[in-house]
Amino acid sequence: MQASTNYTGLAGYRHDSLPAAGVLLVNLGTPEAPTAKAVRPYLAEFLGDPRVIEYPRWLWMPILHGVILRVRPPRSAEAYAKIWTEQGSPLRVFSESLATGMQAELGRRHRGPIRVALAMRYGQPSVADTIAQLQREGVRRLLVLPLYPQYSATSTGSVLDAVADTLKTLRWPPELRIVNDYHAEAAVIDALAASVRAHWDAHGRGDKLLLSFHGIPERYFHAGDPYFCQCQATARLLRERLGMGEDELVVSFQSRVGRERWLHPYTDETVRQLATDGVRKLDVLCPGFAVDCLETLEEVAMQNRDFFVEAGGETLRYIPALNDQPAHIRALTDLALRHMQGWPEVADDYDPASATETLADAHRRASALRES
(Lines give C-alpha, C1' and ligand atoms only; values in the text may rest on other atoms or scores of the structure.)
Protein backbone atom coordinates (compact mmCIF):
# COMPACT_ATOMS: atom_id res chain seq x y z
CA MET A 1 0.00 0.00 0.00
CA GLN A 2 1.35 3.44 -0.94
CA ALA A 3 1.60 5.67 2.08
CA SER A 4 0.42 9.25 1.91
CA THR A 5 3.10 11.89 2.29
CA ASN A 6 3.23 15.09 4.27
CA TYR A 7 6.37 16.39 2.58
CA THR A 8 6.67 18.63 -0.45
CA GLY A 9 9.22 17.66 -3.07
CA LEU A 10 10.38 19.09 -6.37
CA ALA A 11 8.72 17.21 -9.22
CA GLY A 12 11.01 16.81 -12.19
CA TYR A 13 14.11 17.98 -10.34
CA ARG A 14 17.32 17.29 -12.30
CA HIS A 15 20.34 16.38 -10.24
CA ASP A 16 22.62 18.03 -12.77
CA SER A 17 20.94 21.39 -12.12
CA LEU A 18 23.38 24.03 -10.94
CA PRO A 19 22.59 24.76 -7.26
CA ALA A 20 22.22 28.35 -6.12
CA ALA A 21 22.54 30.19 -2.84
CA GLY A 22 19.69 32.33 -1.58
CA VAL A 23 19.31 35.32 0.70
CA LEU A 24 15.84 35.54 2.20
CA LEU A 25 15.03 39.01 3.53
CA VAL A 26 12.04 39.01 5.87
CA ASN A 27 10.20 42.08 7.07
CA LEU A 28 7.14 42.42 9.29
CA GLY A 29 4.48 42.77 6.63
CA THR A 30 1.70 45.08 5.55
CA PRO A 31 -1.96 44.96 4.60
CA GLU A 32 -2.67 44.90 0.88
CA ALA A 33 -4.62 48.16 1.01
CA PRO A 34 -5.37 50.96 3.50
CA THR A 35 -8.88 49.68 4.19
CA ALA A 36 -10.48 48.06 7.21
CA LYS A 37 -11.28 44.99 5.10
CA ALA A 38 -7.60 44.53 4.16
CA VAL A 39 -6.23 45.46 7.59
CA ARG A 40 -8.40 42.98 9.51
CA PRO A 41 -6.78 39.69 8.26
CA TYR A 42 -3.34 41.25 8.54
CA LEU A 43 -3.93 42.21 12.17
CA ALA A 44 -5.49 38.82 12.90
CA GLU A 45 -2.33 37.05 11.71
CA PHE A 46 0.00 39.49 13.44
CA LEU A 47 -1.76 39.73 16.79
CA GLY A 48 -2.63 36.03 16.71
CA ASP A 49 1.07 35.11 16.76
CA PRO A 50 1.94 33.74 20.23
CA ARG A 51 5.44 35.21 19.83
CA VAL A 52 3.90 38.68 19.72
CA ILE A 53 1.23 38.31 22.40
CA GLU A 54 2.36 35.91 25.11
CA TYR A 55 -0.99 35.30 26.73
CA PRO A 56 -2.77 31.94 27.04
CA ARG A 57 -4.62 31.30 23.78
CA TRP A 58 -7.89 30.57 25.58
CA LEU A 59 -7.73 34.05 27.11
CA TRP A 60 -6.30 36.07 24.23
CA MET A 61 -8.13 34.75 21.16
CA PRO A 62 -11.65 35.71 22.35
CA ILE A 63 -10.34 39.20 23.16
CA LEU A 64 -8.63 39.46 19.77
CA HIS A 65 -11.56 38.26 17.67
CA GLY A 66 -14.36 39.50 19.89
CA VAL A 67 -13.09 43.00 20.63
CA ILE A 68 -9.84 44.12 18.96
CA LEU A 69 -10.58 42.99 15.40
CA ARG A 70 -13.95 44.69 15.60
CA VAL A 71 -12.55 48.04 16.75
CA ARG A 72 -8.97 48.43 15.58
CA PRO A 73 -9.05 47.80 11.78
CA PRO A 74 -10.89 51.05 10.88
CA ARG A 75 -8.48 53.10 13.03
CA SER A 76 -5.45 51.33 11.60
CA ALA A 77 -6.77 51.73 8.06
CA GLU A 78 -7.12 55.47 8.61
CA ALA A 79 -3.49 55.63 9.76
CA TYR A 80 -2.29 53.58 6.78
CA ALA A 81 -4.18 55.88 4.41
CA LYS A 82 -2.09 58.82 5.62
CA ILE A 83 1.19 57.22 4.47
CA TRP A 84 0.04 55.12 1.49
CA THR A 85 1.74 55.97 -1.80
CA GLU A 86 0.87 55.46 -5.45
CA GLN A 87 3.22 52.47 -5.41
CA GLY A 88 1.56 51.01 -2.29
CA SER A 89 2.69 50.43 1.27
CA PRO A 90 6.00 52.21 2.02
CA LEU A 91 7.24 49.18 3.95
CA ARG A 92 6.73 46.91 0.97
CA VAL A 93 8.01 49.42 -1.59
CA PHE A 94 11.22 50.14 0.31
CA SER A 95 11.76 46.47 1.22
CA GLU A 96 11.40 45.42 -2.41
CA SER A 97 13.81 48.13 -3.52
CA LEU A 98 16.29 47.02 -0.86
CA ALA A 99 16.08 43.42 -2.09
CA THR A 100 16.54 44.52 -5.69
CA GLY A 101 19.56 46.59 -4.71
CA MET A 102 21.15 43.68 -2.84
CA GLN A 103 20.56 41.37 -5.81
CA ALA A 104 22.39 43.81 -8.07
CA GLU A 105 25.22 44.32 -5.58
CA LEU A 106 25.74 40.56 -5.11
CA GLY A 107 25.70 40.09 -8.87
CA ARG A 108 28.31 42.80 -9.26
CA ARG A 109 30.63 41.18 -6.70
CA HIS A 110 30.22 37.45 -7.43
CA ARG A 111 29.84 35.20 -10.45
CA GLY A 112 28.02 32.44 -8.58
CA PRO A 113 24.23 32.04 -8.72
CA ILE A 114 22.80 33.93 -5.76
CA ARG A 115 19.10 34.75 -5.44
CA VAL A 116 17.72 37.49 -3.19
CA ALA A 117 14.06 37.26 -2.26
CA LEU A 118 11.76 39.18 0.05
CA ALA A 119 9.10 37.67 2.29
CA MET A 120 6.73 39.14 4.86
CA ARG A 121 6.18 37.51 8.22
CA TYR A 122 2.53 38.50 8.06
CA GLY A 123 0.66 38.95 4.81
CA GLN A 124 2.13 38.47 1.35
CA PRO A 125 4.49 37.28 0.00
CA SER A 126 4.60 34.69 2.78
CA VAL A 127 7.72 32.99 4.07
CA ALA A 128 6.43 29.58 2.94
CA ASP A 129 5.60 30.71 -0.60
CA THR A 130 8.91 32.53 -0.99
CA ILE A 131 11.00 29.58 0.17
CA ALA A 132 9.05 27.34 -2.23
CA GLN A 133 9.85 29.74 -5.08
CA LEU A 134 13.53 29.80 -4.14
CA GLN A 135 13.56 26.00 -4.21
CA ARG A 136 12.10 26.05 -7.70
CA GLU A 137 14.92 28.40 -8.68
CA GLY A 138 17.49 25.87 -7.51
CA VAL A 139 18.43 27.37 -4.14
CA ARG A 140 20.12 24.68 -2.06
CA ARG A 141 21.81 26.95 0.49
CA LEU A 142 19.71 29.61 2.22
CA LEU A 143 20.66 32.55 4.41
CA VAL A 144 17.75 34.07 6.33
CA LEU A 145 18.21 37.76 7.08
CA PRO A 146 15.33 39.23 9.12
CA LEU A 147 15.21 43.00 8.62
CA TYR A 148 15.31 43.64 12.36
CA PRO A 149 18.68 45.02 13.54
CA GLN A 150 17.96 44.15 17.17
CA TYR A 151 16.79 40.64 18.10
CA SER A 152 13.49 40.15 19.85
CA ALA A 153 11.43 37.01 20.24
CA THR A 154 8.49 39.10 18.99
CA SER A 155 10.18 39.82 15.65
CA THR A 156 13.24 37.78 14.67
CA GLY A 157 12.07 34.88 16.83
CA SER A 158 8.77 34.83 14.99
CA VAL A 159 10.56 34.82 11.62
CA LEU A 160 12.56 31.79 12.72
CA ASP A 161 9.31 30.05 13.68
CA ALA A 162 7.91 30.67 10.20
CA VAL A 163 11.08 29.40 8.52
CA ALA A 164 11.17 26.29 10.73
CA ASP A 165 7.49 25.56 10.10
CA THR A 166 8.16 25.76 6.36
CA LEU A 167 11.27 23.60 6.39
CA LYS A 168 9.40 20.91 8.31
CA THR A 169 7.16 20.43 5.29
CA LEU A 170 9.96 19.98 2.74
CA ARG A 171 11.32 16.64 1.61
CA TRP A 172 14.74 18.16 0.94
CA PRO A 173 15.24 21.35 2.97
CA PRO A 174 18.08 23.64 1.95
CA GLU A 175 21.20 24.12 4.02
CA LEU A 176 20.29 26.91 6.42
CA ARG A 177 22.07 29.83 8.04
CA ILE A 178 20.46 32.67 9.99
CA VAL A 179 21.46 36.23 10.89
CA ASN A 180 20.26 36.53 14.46
CA ASP A 181 20.76 40.29 14.71
CA TYR A 182 23.00 43.06 13.41
CA HIS A 183 22.52 45.72 16.06
CA ALA A 184 26.25 46.47 16.30
CA GLU A 185 27.16 46.06 12.61
CA ALA A 186 29.78 48.76 12.00
CA ALA A 187 28.69 49.50 8.43
CA VAL A 188 25.07 49.94 9.51
CA ILE A 189 26.10 52.27 12.35
CA ASP A 190 28.21 54.23 9.86
CA ALA A 191 25.26 54.49 7.47
CA LEU A 192 22.99 55.73 10.27
CA ALA A 193 25.58 58.30 11.34
CA ALA A 194 25.99 59.50 7.74
CA SER A 195 22.22 59.84 7.42
CA VAL A 196 22.03 61.95 10.58
CA ARG A 197 24.89 64.18 9.42
CA ALA A 198 23.25 64.64 6.01
CA HIS A 199 20.05 65.70 7.77
CA TRP A 200 21.96 68.20 9.89
CA ASP A 201 23.74 69.57 6.85
CA ALA A 202 20.42 70.11 5.07
CA HIS A 203 18.24 71.31 7.96
CA GLY A 204 20.53 72.37 10.77
CA ARG A 205 21.14 70.50 14.00
CA GLY A 206 18.34 70.06 16.50
CA ASP A 207 18.67 70.70 20.22
CA LYS A 208 18.47 66.95 20.89
CA LEU A 209 18.56 63.70 18.93
CA LEU A 210 15.92 61.20 20.02
CA LEU A 211 16.31 57.54 19.07
CA SER A 212 12.90 55.90 19.16
CA PHE A 213 12.80 52.10 19.10
CA HIS A 214 9.72 49.90 18.90
CA GLY A 215 8.69 48.76 22.36
CA ILE A 216 7.93 45.33 23.82
CA PRO A 217 6.32 44.42 27.15
CA GLU A 218 8.82 44.80 29.97
CA ARG A 219 8.09 41.27 31.19
CA TYR A 220 9.59 39.91 27.94
CA PHE A 221 12.87 41.61 28.89
CA HIS A 222 12.75 40.06 32.36
CA ALA A 223 12.10 36.68 30.73
CA GLY A 224 15.42 36.94 28.86
CA ASP A 225 14.69 38.85 25.65
CA PRO A 226 17.91 40.74 24.68
CA TYR A 227 16.10 43.45 22.73
CA PHE A 228 16.40 46.26 25.30
CA CYS A 229 20.14 45.72 25.73
CA GLN A 230 20.74 45.59 21.99
CA CYS A 231 18.79 48.83 21.47
CA GLN A 232 20.94 50.52 24.09
CA ALA A 233 24.09 49.17 22.42
CA THR A 234 22.99 50.54 19.04
CA ALA A 235 22.30 53.92 20.64
CA ARG A 236 25.69 54.02 22.37
CA LEU A 237 27.58 53.09 19.19
CA LEU A 238 25.72 55.70 17.16
CA ARG A 239 26.27 58.39 19.79
CA GLU A 240 29.99 57.63 19.80
CA ARG A 241 30.14 57.65 15.99
CA LEU A 242 28.45 61.06 15.95
CA GLY A 243 30.70 62.39 18.72
CA MET A 244 27.72 63.38 20.85
CA GLY A 245 27.60 63.77 24.61
CA GLU A 246 25.34 61.57 26.69
CA ASP A 247 22.98 64.48 27.37
CA GLU A 248 22.58 65.22 23.65
CA LEU A 249 21.06 61.88 22.65
CA VAL A 250 17.92 60.37 24.23
CA VAL A 251 16.51 56.83 23.87
CA SER A 252 12.81 56.00 24.05
CA PHE A 253 10.36 53.24 23.07
CA GLN A 254 7.19 53.62 21.02
CA SER A 255 4.07 51.74 19.90
CA ARG A 256 2.96 50.39 23.26
CA VAL A 257 -0.53 48.91 23.50
CA GLY A 258 -2.59 47.68 26.40
CA ARG A 259 -2.27 48.48 30.08
CA GLU A 260 0.81 46.49 31.10
CA ARG A 261 4.19 48.16 31.47
CA TRP A 262 6.35 48.22 28.32
CA LEU A 263 9.98 49.21 27.86
CA HIS A 264 10.36 52.81 28.87
CA PRO A 265 10.71 55.75 28.70
CA TYR A 266 7.82 55.96 26.25
CA THR A 267 8.31 58.04 23.13
CA ASP A 268 5.07 60.03 23.38
CA GLU A 269 5.80 60.97 26.99
CA THR A 270 9.43 61.74 26.16
CA VAL A 271 8.69 64.20 23.34
CA ARG A 272 6.21 66.03 25.55
CA GLN A 273 8.72 66.22 28.41
CA LEU A 274 11.50 67.44 26.15
CA ALA A 275 9.27 70.23 24.89
CA THR A 276 8.33 71.13 28.47
CA ASP A 277 12.04 71.21 29.36
CA GLY A 278 12.68 73.81 26.69
CA VAL A 279 13.79 71.78 23.67
CA ARG A 280 12.62 73.72 20.63
CA LYS A 281 13.97 71.63 17.74
CA LEU A 282 13.97 67.85 18.10
CA ASP A 283 15.49 65.41 15.61
CA VAL A 284 14.13 61.84 15.73
CA LEU A 285 15.65 58.70 14.23
CA CYS A 286 14.27 55.14 14.50
CA PRO A 287 17.30 52.80 14.25
CA GLY A 288 15.24 49.67 14.91
CA PHE A 289 13.44 49.99 11.55
CA ALA A 290 15.34 48.99 8.42
CA VAL A 291 12.76 50.72 6.22
CA ASP A 292 10.06 53.28 6.85
CA CYS A 293 6.59 52.05 7.76
CA LEU A 294 3.45 52.99 9.66
CA GLU A 295 5.30 53.24 12.98
CA THR A 296 7.85 55.72 11.66
CA LEU A 297 5.91 57.75 9.09
CA GLU A 298 2.59 58.08 10.91
CA GLU A 299 3.29 57.43 14.57
CA VAL A 300 6.58 59.32 14.89
CA ALA A 301 6.61 61.85 12.04
CA MET A 302 2.94 62.80 12.48
CA GLN A 303 1.52 61.83 15.88
CA ASN A 304 4.59 62.55 17.98
CA ARG A 305 5.34 65.70 16.02
CA ASP A 306 1.91 66.97 17.10
CA PHE A 307 2.54 65.91 20.72
CA PHE A 308 5.82 67.82 20.71
CA VAL A 309 4.36 71.01 19.26
CA GLU A 310 1.30 70.90 21.53
CA ALA A 311 3.63 70.68 24.54
CA GLY A 312 5.50 73.81 23.49
CA GLY A 313 8.15 72.54 21.08
CA GLU A 314 8.81 74.32 17.80
CA THR A 315 9.47 71.49 15.35
CA LEU A 316 10.09 67.74 15.35
CA ARG A 317 12.11 66.61 12.31
CA TYR A 318 11.95 62.90 11.50
CA ILE A 319 15.12 61.49 9.90
CA PRO A 320 14.08 58.74 7.44
CA ALA A 321 15.12 55.11 7.86
CA LEU A 322 18.02 53.86 5.75
CA ASN A 323 15.53 52.32 3.31
CA ASP A 324 17.20 51.61 -0.04
CA GLN A 325 20.12 53.99 0.39
CA PRO A 326 23.30 52.67 -1.32
CA ALA A 327 25.16 52.60 2.01
CA HIS A 328 22.41 50.42 3.50
CA ILE A 329 22.47 48.06 0.52
CA ARG A 330 26.25 47.72 0.78
CA ALA A 331 26.14 47.18 4.55
CA LEU A 332 23.54 44.40 4.38
CA THR A 333 25.31 42.83 1.41
CA ASP A 334 28.56 42.77 3.38
CA LEU A 335 26.69 41.22 6.30
CA ALA A 336 25.14 38.54 4.09
CA LEU A 337 28.43 37.65 2.41
CA ARG A 338 30.17 37.27 5.76
CA HIS A 339 27.53 34.79 6.87
CA MET A 340 27.74 32.93 3.55
CA GLN A 341 31.48 32.33 3.73
CA GLY A 342 32.42 28.79 2.70
CA TRP A 343 29.57 28.40 0.24
CA PRO A 344 30.89 27.79 -3.28
CA GLU A 345 28.60 30.42 -4.83
CA VAL A 346 30.47 33.22 -3.04
CA ALA A 347 33.98 31.87 -3.62
CA ASP A 348 36.24 34.23 -5.52
CA ASP A 349 37.27 31.45 -7.91
CA TYR A 350 33.75 30.21 -8.65
CA ASP A 351 33.47 29.19 -12.31
CA PRO A 352 29.88 28.57 -13.49
CA ALA A 353 30.99 26.68 -16.59
CA SER A 354 33.26 24.37 -14.64
CA ALA A 355 30.60 23.78 -11.96
CA THR A 356 28.03 22.95 -14.63
CA GLU A 357 30.34 20.49 -16.36
CA THR A 358 31.23 18.78 -13.06
CA LEU A 359 27.55 18.26 -12.28
CA ALA A 360 26.82 17.04 -15.80
CA ASP A 361 29.64 14.52 -15.60
CA ALA A 362 28.40 13.25 -12.22
CA HIS A 363 24.90 12.97 -13.67
CA ARG A 364 26.18 10.93 -16.64
CA ARG A 365 28.05 8.55 -14.35
CA ALA A 366 25.00 8.10 -12.07
CA SER A 367 22.75 7.48 -15.08
CA ALA A 368 25.13 4.86 -16.43
CA LEU A 369 25.18 3.04 -13.11
CA ARG A 370 21.39 3.13 -12.89
CA GLU A 371 21.02 1.69 -16.39
CA SER A 372 23.60 -1.07 -15.92
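**Backbone notes**

I located serine 255 in the loop between β6 and α9; helices (H or I, at least four residues) and strands (E, at least two) are DSSP runs, numbered from the N terminus. I recorded that this is a predicted model, in which local features need pLDDT of at least 70, side-chain atom pairs count only at pLDDT 80 or more, and totals for chains, interfaces and linings use all residues. Residues are numbered from 1 along each chain as its sequence is written, and side-chain values use heavy atoms, with hydrogens and water left out.

Serine 255 is not a glycine, yet its phi is positive, about 70°. At 15% relative accessibility, serine 255 counts as buried (under 20% relative accessible area, with exposed over 50% and partly exposed in between; 1.4 Å probe, protein chains only).

In the loop between β6 and α9 I also found proline 265, joined to histidine 264 by a cis peptide bond with omega of about 10°.

I then examined helix α9 (residues 267-276), where Thr267, Asp268, Thr270, Val271, Leu274 and Ala275 are buried. Seen down the axis of α9, these residues fall within an arc of 165° (taken from the directions from the helix axis to the C-beta atoms), so they line one face of the helix. I noted that they pack against β5 (208-214), β6 (249-254), β7 (281-285), α10 (294-310) and β8 (315-319), contact meaning heavy atoms within 4.5 Å.

Lastly, I placed asparagine 323 in the loop between β8 and α11 (326-339). Its phi is positive, about 50°, although asparagine 323 is not a glycine.
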